Amino acid sequence: MAAFQAASAPRASFAPLGAKPAAGRPPVSQLPGVQRAGEAVRAAGAAVTSEPLASPCRQKAVEEGRLAAWTSIRQERWEGELQVQGEIPLWLNGTYLRNGPGLWHVADHHFHHLFDGYATLVRLHFEAGRLSAAHRQIESEAYKAAKKNRRLCYREFSEVPKADGFLSAVGDLAGLFSGASLTDNANTGVVRLGDGRVVCLTETTKGSIEVDPETLETIGKFEYSDGLGGLIHSAHPVVTDSELLTLLPDLVRPGYAVVRMAAGTNERRVVGRVRCRGWPAPPGWVHSFPVTEHYVVVPEMPLRYCAQNLLRAEPTPLYKFQWRPHSGSYLHVICKTAGTVVASVEVPPFVTFHFINAYEEEDDDGRVIAIIADCCEHNANTAILEKLRLHNLRTLNGQDVLPDARVGRFRIPLDGSPVGQLGQGLDPEEHGRGLDMCSINPANLGRPYRYAYACGAHRPCNFPNTLTKIDLVEKKAKNWHDEGSVPSEPFFVARPGSTEEDDGVVISMVSGKDGEGYALILDGSTFEEIARAKFPYALPYGLHGCWVPKK
Ligand SMILES: CC(=O)/C=C/C=C(C)/C=C/C1=C(C)CCCC1(C)C
Ligand SMILES: CC(/C=C/C=O)=C\C=C\C=O
Ligand SMILES: [Fe+2]
């Protein structure tokens, strides 16, 4: 097992806001109704965010400062400069954005699942070695209605509003079936499109919301101008400078459409379609999918959408999903240019949220003979979904209940054989048998690659609590850990002009053990800490990020 590098206690301090505004703009904090750092935490939206804590047990935990990661953000927005400990490389100029569910209650309604929280967008702006930061709630219809009505008004991941709450906000029971009642709470990821627009996303199509990457202001709903419809899509489109690719599951005629949206447009066009092999079972849940240079891989996981559970008011153990191992597990391969299905193989059962990468395997003559696709695989165990309930995250701290996960490596032969293989990229002990929230050097997207960055486990733990750099060639991992803290997805930014795959930095935002939060910069190659900068308030856990290079 690779040695853990123990980080020292956080040392950074907070520079008073207003002293050093972000370059070129008045600080947001000077706008009416906006929290100034150092003031008591009460801001616009305080009616939503300053409810008393739910239970004495939780109160104690928060007082002890253990639960920053799972405690709602206390103010709608903030902006200020952070004091940096260490040195930020001078080449790192641009903005890192991280999205995630940072607000888990409205009035006296407390959400139950990590994925239910209202979206909080966090910003780190790097310029000439300095770092300014901000956060802001995304003004989705779901969030605005909850604030106004002091209740849940739309269907979130695990919860459904009470009929009167929903009817008063949306007005019509038919909304349950038309999609009107589905949330647009864009709390999962954030992407920068090739044309520069920045869009926050979740799994509902209507939850695609454009934001201003500088002010974090919600610009408005990202409207798809095509007539494709579809209420849900993958939360993780694959975005390059020229296009966005995503998957639209079809629950009526079980299958998936692969769609492409060219940069500069709002119009998705169908590249190809594939029918589910598990028919009559509905499509498998598709949170993410991998691509290679020439192909899109469509995963059909035995954890499938479930019509009954979608309509049910009470959450089921697997929420909107059902575990259907007997329906089979499949991977389909679609040619990006022709749109045809070039392979469809049965594979062992698997459970994954996140694919890491995929690439084409060639024989000695350069012919593509197979596709290799890697993912954070939960040993075909759906227990992870229940472990992400807020009660478990808050009360099982320090207990070794995080289910095992590994780098699941699929091999999909392209010779027409009906079966694919599932192995593992390295011994999971290398990353403490926990694994999720991965990134790679984007230059290697769809190509052979060596390094993946992810969150791993330093046990005992109930949630991934390390950052891990995985070397898929040497089959080793190097791990970063700060006792009691919860780091978010490590995000790799390449040094301009770099030629080595790991020449760059890894950015993560850490929810610390003493009720604080800090931005962390690791060297992508050595995986040693090079800088950290403390936020003046507790930072809740967040999910996925993107990089907006300096203009
Ligand atoms: C945060 C995250 O990773 C996933 C969020 C998923 C959401 C909000 C899913 C929402 C859904 C509904 C509200 C009903 C339809 C099904 C489904 C897409 C699961
Ligand atoms: C945070 C998470 C899984 C952690 C498991 O170890 C999954 C998040 C999924 C959505 O983006
Ligand atoms: Fe995700």
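Y295 stands opposite C335, a residue of strand β21. I begin with this pair in what is a predicted model. Further along, P299 faces L331, also in β21. Both pairs concern strand β18, which spans residues 295-300, and its partner β21, residues 329-335. These two strands pair in the antiparallel sense, over six bridges.

Let me turn to the other partner of β21. Strand β22 is joined to β21 by six bridges, and the two run antiparallel. Within this pairing, H332 stands opposite S344 in β22.

Taken together, the three strands form an open sheet in the order β18-β21-β22, with antiparallel pairing. The edge strands are β18 and β22, the latter covering residues 341-347, and each of them pairs on one side only. On average, neighbouring strands of this sheet are turned by 15° against each other, direction ignored.

Why is β21 described as largely enclosed by the rest of the structure? Six of its seven residues are buried, and therefore the strand is largely enclosed.

The residues around ligand 2 are T188, F353, I384, A405, G434, D436, M437, P464 and L543.

Notes: Residues numbered from 1 in each chain as written. Chains lettered and ligands numbered in written order. Predicted model: local features only at pLDDT ≥ 70, side-chain atom pairs only at ≥ 80, totals over all residues. Near = placed C-beta within 6 Å. Pairing = 2+ DSSP bridges. Helix = DSSP H or I, 4+ residues; strand = E, 2+ residues; numbered from the N terminus. Axes fitted to C-alpha atoms, helices over the stretch in contact; angles between N-to-C directions. Buried ≥ 20, exposed ≤ 12 C-beta atoms within 10 Å, placed from the backbone.
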